[in-house]
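Visitor: Please show me the structure, and let us then go through the terms that are applied to it.

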Amino acid sequence: MSIWTAPPSIGGPPVYLIPLLKFRFGVSATREARDMAALAFDEKPSEDGLERFLGRGAGVSPGKRALQVGATREDFVANCDADHELRIQALEAAGWLPIETPSPQIAERMGTRPYRTRDPFIAGNLEGFMTEKAQALLQERVRSAAANIRISKAQEAPADFSVPVPADIDYLPFQKTGIQQIARSGRSGIIADDMGLGKAQPLDARILTPDGWRRMGDINVGDLVTGSDGKPTRVTGVYPQGEREVFRVTFSDGATTECCDEHLWAVEERDASGAGAPVVLRLAEIRTRLEAGAQLQIPLISHSGRSGAGLMARILPISDREPDGHLVVRPSDIDAMRRLQDEVRALGGTARADDKAPLLRVHLPRTVDPGAISAPVRILSRVRPISVKPVQCIAVDAPDHLYVTDDYIVTHNTVQGIGLMNAKPDATNVLVICQANMKIKWTREIDKWMVNRDLTVGYAEGSEFPDTNVVVINYDILQKNIERLRERRWDLILTDEAHNLKNEEAQRTKAVLGDLTELDGARMLPLTEAGQLVHLTGTPKPNRVSELWPLLTSSRPDIWGRGPKAREIFLNRYQPPVLIKKKMRRGNREVEMIIPMDGKPQRETELQLRMRGSGSFIRRLKRDTDLPPKFRTPLEIPVRLSKEDKELLREAEANLEALVSRISRTDVRVGETQEAGVVINAISLIDPDTPNFNELARVRRNLGLIKAPHCAKFILDELEDETDMAPENRTKTVVFAHHKEVIRIIHEESEKRLPGSFLVYDGSVKPSERQLIIDRFQQDERIRGIIISLAGATGITLTASARMRVVEPDWTPSNMIQIEDRIWRIGQERNVDIGYMSVAGTLDARIGNALVQKMESDEKAVNTIRFHHQTPGVRRKADPPAAAAPPVSDQPELPF
């Protein structure tokens, strides 16, 4: 069997670029390119030759006349016939959608298979063919898209916000913007706000992890923290918030923690009878309620089945049982008391210390202490301001979004979207679809926020479907209740954690969205004429662009289209497949098979602009906008290698090329720059448990050993150039390397030239010594640099440096981003300079350049796009850069 790969070929070539570049910039194309465009866009004469006698255009179908783009009230329309293959390919390559069954009137004017779009970013691809009416519509749509993009990122409340809210509570400012934008659009949409919104704690707050306590400022994406159930939960987002006023929150058992006024807490407000229901409140609301005398209780950590037998055996001999079931424990000293306090709280209990003696009043769950009469509770007792501090949010993937902070206090990240119910006062049929363990929470939150108290609320359980106005149901039982769901026409459908619908073949997706291959969407859950389907998700950028398709096509089919052809056009534009041809023998016959495989994302900027510009996509990220910029620079060192080093380098490159060829089934030859990307992609496929991984490690080590002395010289030269500067003006350097031998070489060179000025932080450093090394780097002006390995990729802060030199990059971009963030984080006040070091003119240099490009591509965030646009319909020639007009900073440009 032999395998070869080829570029994507399912879609046609981007022929539309030829006239577009000519129209916008006066760019000339080759004769071959012009001929290709003419075949697609010029008039296609009839094959009988009558035009020579009857004149040009006579007898020519409207779909074969020269391309013309007209406009209806909503759409841009281009003429085409069903048998004009070249034009069909060109229009689909430009992102236009076919009108599958045109009316007789449209077919008479625009051909038997005209194409349409409602999107200004796609329409602009054919701007040069537009009628005057279409040009005017394009200008209007571009202005509207620019306004929508601004709103999609806005976090301040709109001045004219008018959605009602129950007394004594209010939406957060960013929630008001999202609710109003989707409500006023009258269309379905996606709200994809970060889960970190509305919650922040100071960087020195303690967060409980499976390995013990860690500072909030040292928590990174991918780390494990402890959830409310006592089990590990992964951090899915870290969101620096800048400096804010911080408050100390004290609880009835003496436990304390710190947070800002916008922090969200899961609490129960108890009435006189002791009854209460869980609600989510900002600390600002909690302060107001405490002043009014409210009693607010927060959940305690679950001990998750962990036995407390050992603890009970130790404390019973030194304790007395009080009538209410509490234990009064008398530890031997203060240190023993604090250790017991931690153990009790870790088991979901409370332990209040006496102010004067080592005495604890302990209340444990009955599953731990059978003598306990009631369950322990923790009540908020006092909130007071303490100072202004840098703060940060984290989001976790636990179903309840709870994690454990100082003194085993459980804190909260919540969902959004309920306010849309209040924006539809006439809605009497509302459906909320969520995960099973969130049903009760949704029910209670709806009851808290709902303005129309005539509505009834219930949740489905198994095949029992509530006869209520508002129904909450989990994804797992949708199919069981599909008939009941389709009996009603819904005014509003909310899909919580909507990325659960990313697989279009899954039963849950089909139950909600119907069969996405059907053009009419007939089997979707039915909506009323003014009904809206709103997807709620904190992870709108999935692993594959194709996973966005179910959410986009179901929420705005007027923009993205529906059915197999629309999906094909979408994927060919944003994730074109790679075709793999396999030749296999079956008996005496050789059989060829062509298999489409998922390709890499393309045109991500355009996709993000289209989503935001549609007016139906809202995403706000809580980033630290005050952080200084970060600059990545490939540093190619022009060194004169020895004969031995050259031979070692050639051998390492040859071994790497052979390895990549074996993994990717793609020939890699020295001298072609684009191969570096192939290397990076191939490396991601290597299983750590295979010989290929060991061989890769050997090759990387050899490359590192060759580079190490030359990189060390470059780094030390930089530092010595600053010797005469005042200490406060010098810049420390963080050096990243992978192998111990490379780290040793760099450290030995530093000791020769700058003795005692470099520290090492790698896997050989004892855990007890690690923080001492970090503190010394941060605080000691005599220290000029630190060499870190992957052991320092997470959990440490090195903001005393604003310069990083990467000697041996990790070839996984996400790992390098984490490493860079050791110096680019809260507390950094200078521009950050990160240099990727390589030997000039080698494969290592090309890999370094490709890695930087890959990281830049991966980091494109949907809320940081700033583009500039010209007025559609105005021809612009290619002026020299110096003569170009200054950009208008607040308007998005069509990305051509």
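Visitor: What percentage of the residues in the protein is buried?

Guide: Of the 896 residues in the protein, 53% are buried, where buried means under 20% relative accessible area, exposed means over 50%, and partly exposed lies in between, with a 1.4 Å probe and protein chains only. This is a predicted model, in which local features need pLDDT of at least 70, side-chain atom pairs count only at pLDDT 80 or more, and totals for chains, interfaces and linings use all residues. Residues are numbered from 1 along each chain as its sequence is written, and side-chain values use heavy atoms, with hydrogens and water left out.

Visitor: Why is E497 called buried?

Guide: E497 has a relative accessibility of 11%, and the limit for buried is under 20%; therefore E497 counts as buried. E497 sits in the loop between β26 (490-495) and α15 (507-513). Its phi is positive, about 50°, although E497 is not a glycine.

Visitor: Why is R603 called partly exposed?

Guide: The relative accessible area of R603 is 31%, a value between the limits of 20% and 50%, so R603 is partly exposed. R603 also has a positive phi, near 50°, in a residue other than glycine. The loop that holds R603 runs between β29 (589-597) and α19 (604-613).

Visitor: What makes β2, β3, β5 and β4 a sheet?

Guide: These four strands form an open sheet in the order β2-β3-β5-β4, with antiparallel pairing. Strands are DSSP runs of E with at least two residues, helices are runs of H or I with at least four, and both are numbered from the N terminus. Two strands pair if DSSP finds at least two bridges between them.

Visitor: Why are β2 and β4 called edge strands?

Guide: β2 (69-71) and β4 (97-98) each pair on one side only.

Visitor: How do you know that contacts in the protein join residues at least 24 apart?

Guide: A contact means heavy atoms within 4.5 Å. Among contacts between residues at least 6 apart in sequence, 69% join residues at least 24 apart.

Visitor: How many helices and strands does the protein have?

Guide: The protein has 26 helices and 36 strands. One of the helices is α1 (residues 17-25), where L17 is located.
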